[in-house]
Amino acid sequence: MDDKCIFQKALKTYNGGNWYGWKKENDNGDVIPNEDRMQYQYIKIIKDGATMPTEAEVNAKIQELKDAETQKANDKISAQNKLKALGLTDAEIEAL
């Protein structure tokens, strides 16, 4: 999962999801190019009652999601190795 996707996934864990959008202009009134908008500094709250998590909280959530993704990949490899040790072929493991 790329960094922008994981950033949005982290943001959606706050305020029940769908609470934020992206500013189209910076504080100086300059247009923010679409490819540059998905940054913490350009988040805008679009849901009444939503609160802005701190950048540290968002970064911690991003790391948590990345760690979970890594653990899932490691668990899959570990399971495949255990199946191979039991004598299953790669084709049989893939069929599972």
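**Ground rules.** I am working from a predicted model, in which local features need pLDDT of at least 70 and side-chain atom pairs count only at pLDDT 80 or more, while totals for chains, interfaces and linings use all residues. Residues are numbered from 1 along each chain as its sequence is written, and side-chain values use heavy atoms, with hydrogens and water left out.

**Fold.** I looked up the secondary structure and found three helices and two strands, where helices (H or I, at least four residues) and strands (E, at least two) are DSSP runs numbered from the N terminus. Along the sequence their pattern reads α-β-β-α-α. The chain is more spread out than a compact globule, because its radius of gyration is 20 Å, well over the 12 Å that the globule rule gives for 96 residues; I note that this radius is taken over C-alpha atoms and that the rule is 2.2 Å times the number of residues to the power 0.38. Along the principal axes, the C-alpha atoms fill a box of roughly 65 × 30 × 20 Å.

Of the 96 residues, 22% count as buried, a word I use for under 20% relative accessible area, with exposed meaning over 50% and partly exposed in between (1.4 Å probe, protein chains only). Among contacts with a separation of 6 or more, residues 24 or more positions apart account for 49%, a contact being heavy atoms within 4.5 Å.

**The loop between α1 and β1.** I then checked the loop between α1 (3-11) and β1 (20-22), which holds N15 and also N18. N15 has a phi near 55 degrees, a positive value in a residue other than glycine, and N15 is partly exposed at a relative accessible area of 25%. N18, likewise not a glycine, has a positive phi of about 45 degrees, and N18 is exposed, with a relative accessible area of 64%.

**Aromatic rings.** Searching the whole structure gave three aromatic pairs; rings of Phe, Tyr and Trp (its six-membered ring) pair if their centres lie within 6.5 Å, and planes under 30 degrees apart count as stacked, over 60 as edge-to-face and the rest as tilted. W19 and Y20 form an edge-to-face pair, at 5.3 Å centre to centre and 65 degrees between the planes. Y20 and W22 have ring centres 5.5 Å apart and planes at 75 degrees, so this pair is edge-to-face. I find W19 buried at a relative accessible area of 0%, Y20 buried at 9% and W22 buried at 12%. Ring pairs link F7, W19, Y20 and W22 into a cluster.
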